[in-house]
Amino acid sequence: MERTHRVRRRVAATVCAAALVLPLTACDALTPGSAAAVPGPRSVPSSTAVPDGDITLRLQFADAPLMVDALIAAFEKGHPNISVEPQYKTFSDYVQNLKLTMTSDTAPDIAQYAVGMTDLAADGHILDLAPYREAYGWDKAIPPVSLDQLTAGQTSEATGGRALFGVPAGLSMTGIYYNKELAKKAGIDGPPKTVAEFEDQLAAAKKADLTPLGVGALDSGGLHLWAALLNQLMPTDDYWDWVNGTKGATIETPAAVTASKLVIDWGRKGYYNDSANGTAQVDSTAQFAKGDSVFLINGNWAAGQLATVMGDNVGFFPMPGEQASAPTVASGFSVSYAVASRTEHPEAAGAFLDFLTTPEAGQIISDNGFMPPNPDAVKKPEGVLADIAEGHRRAVADDGITTFPDFAAPAMLDRLRSGVQKLIANRIDPSDYLDSLQDEWEEHHAE
Amino acid sequence: MPSRPPVQQPPDVRVRTTEVRVQSQAPRRRSPYRGYVYVLPAFAVYFCFAVLPALHTAYLSLFEWDGVTLGDWVGLGNYQEIFQDSILRRSVLNALVLVVFFSFIPIVVGLAMTGLLARFRRPGMGAYRFLFMLPQVVPLVAVGVTWRWLYGDDGLVNQTFRAVGLDGVTRAWLGDFGAALIAVGLVGTWVLSGLCMMLFLSGVQKVDPSLYEAARLDGAGPVREFVSVTLPHLRGEIAVAMTVTTVAALASFDIVYVTTNGGPGEQTTVPGLLVYRLAFSEGKVGLAAALAVVLGCLILGIVYLINRLSRSES
């Protein structure tokens, strides 16, 4: 009995071992992922003519469902044979599944542009729209700087110019909001013209026993502050090279050290809300709306909420430069849409994207609290929205809209978030912080 | 092989019994296999949904893979990378600190409450149990969101401190480099204390009431009674509680993800969070799988140790 038991156990062990080893020997067949080439062309056809017959486009997105619904309704009115089926996902769901979704056979025809799109573009899973840029004349309808954010760092095979992997609907930009009443109390008489003047204003607010600057550094508020300062100190081209992963680019520059030092200094001087590191961006916005701080770092996406609560009491300015004559530079991006390579209706998708650049779409976008790509075509906004539109106009005119620093690598957001938290708490040396960013950058761009 | 109890048979049916024995012996020889057949459905489910995924994870950990394109075989390279990563070592340390808050304190609290509640059966015990069990019923994500508010600038925690004049103590607990990990740990204490108490209470109910009576007759006070009667009978339950809570601490993810997302800095970063980040936002599925395997082995090792210790003591 004992022996058969032992034999049986040995057999079982052998089977287990074989089950473990077998996949290893049959490696090729079982290697995860697929190297299968993307079916179909890599760029849109040169013709913009939408074929006759009923077409259904599936649009997957994560931002502003109300705006998307309104845009679709308006588009379908003008294109009776095309219907667009919206598929809304929450942002984190959307970003997590983006790669799987876009490489599957059931990929949507149109999808919102997000961080992972650069890799998808490199592998040919989304279409290069450069031919349509010329055919539809998008350069005239949209500030070219907004389109140049969507090149994924590539040259177009179809046109030889810059590639284009998305068309923007609403644009975004970060900057500083200020509470006019509290500013007056602290003796601040208007938006600063230089970083140094802004520092004086922060000091004045501190002296008046107010919290100078609200930062929501629990999530991304801290990195917006750091990027806003970096934008003023680091040459824009160098910054772009770094974010785009250009060979040899680095963030370990004296300018970046200075920007990081400023974040530390302001923390040491007590310019931030005490609990900046424990406050989410939405919470910092709510606190600012309640009058807890004189200034707030955030993006235009908060403007609608602040305008509703604070009315005329709130203003906005982009972070000023080192000199008053310096160009206006601010980080921003867009809610943009890309076209999947697997779509059967690239012309219809192109027609939808082109619709986004029309004045009619611009008005819908503006009504939903975003900045339309073509500001001239919409009604003039009022109050803080006008401040933002003006700031954006200046930044566009100065070619000064830069993208967010976390676009440099997929893991960069976490490095930036935790790094800036340490800067705010004065727990890290600027050079060590920048070194951690550059490590991440090099790891991602090594391939 | 177990022998049958000898049965006294009357002599006249002897022949028939032998026949029966011959017949009944055939199925008895197959009995070990028959046992497996009964287990098969459960085993199949377990194998498909627990063992296979685990093996698949271990297999994926040998590749450098972004989740989409063809992976590259790197052998044990991912493991090498893991053991060199300072953030990762930090996260394991944080998880071990969490063990104190998720396991040690809840067990002590659970024992104390059991001592208080089990001594006499009072009316309304069910209500107590329900109240203390409540944190277990609420989804952890909701727990995290609630505590994020409680710990906030103007949250209940700070309001309480201000109300009693301790203004100097107030801070954004989850954003404070010194306090964040403790704050997150205390959320775990809140969640798991009730579970421990429930386990211990049900254990106490198995204890023969006459033992307590005897102890009281011998003049034992509440403390003596607890140490000499209750505690020894709860050894099994304590081992179970320790296993469950330690696993909850080491594999913690939801509470940390919702409250601090690992911040400030890396103060509350735990391995579970890194597995998630590596796989889903950084596109390093192989590395994430390797980390998951290491984490799994660590947990298995500690659970084995707990079981071993509790067994050798009894």
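Start by selecting A:Phe352: beyond its neighbours within four places in sequence, A:Phe352 is in contact with A:Leu57, A:Phe75, A:Val84 and A:Ile110 (contact: C-beta atoms, placed from the backbone, within 7 Å). You are looking at a predicted model, where local features need pLDDT of at least 70, side-chain atom pairs count only at pLDDT 80 or more, and totals for chains, interfaces and linings use all residues. Residues are numbered from 1 along each chain as its sequence is written, while chains are lettered from A and ligands numbered from 1 in the order in which they are written.

Next, colour chain A by domain: domain 1 is 55-172 + 333-377 and domain 2 is 174-331 + 403-445, with bounds from an automatic or database domain assignment. Their C-alpha centres lie 29 Å apart. Across the boundary, 7 residues of domain 1 of chain A are in contact with 11 residues of domain 2 of chain A.

Now show the largest nonpolar core, which has 133 residues; A:Ile126, A:Phe165, A:Leu229, A:Val263 and A:Phe352 touch the most other members. Such a core is a set of buried Ala, Val, Leu, Ile, Met, Phe, Trp, Tyr and Cys residues joined through C-beta atoms within 7 Å, buried meaning 20 or more other C-beta atoms within 10 Å of the residue's own. Because domain 1 and domain 2 of chain A both give residues to this core, it lies between them.

Finally, bring in chain B: the contact takes 30 residues from chain A and 30 residues from chain B. On the side of chain A that touches chain B, select helix 19, which gives the most, with 5 residues (helices are DSSP runs of H or I, at least four residues, numbered from the N terminus).

Conventions
A residue is buried if 20 or more other C-beta atoms lie within 10 Å of its own, exposed if 12 or fewer, and partly exposed in between; C-beta atoms are placed from the backbone. Two residues are in contact if their C-beta atoms, placed from the backbone, lie within 7 Å. Helices (H or I, at least four residues) and strands (E, at least two) are DSSP runs, numbered from the N terminus.
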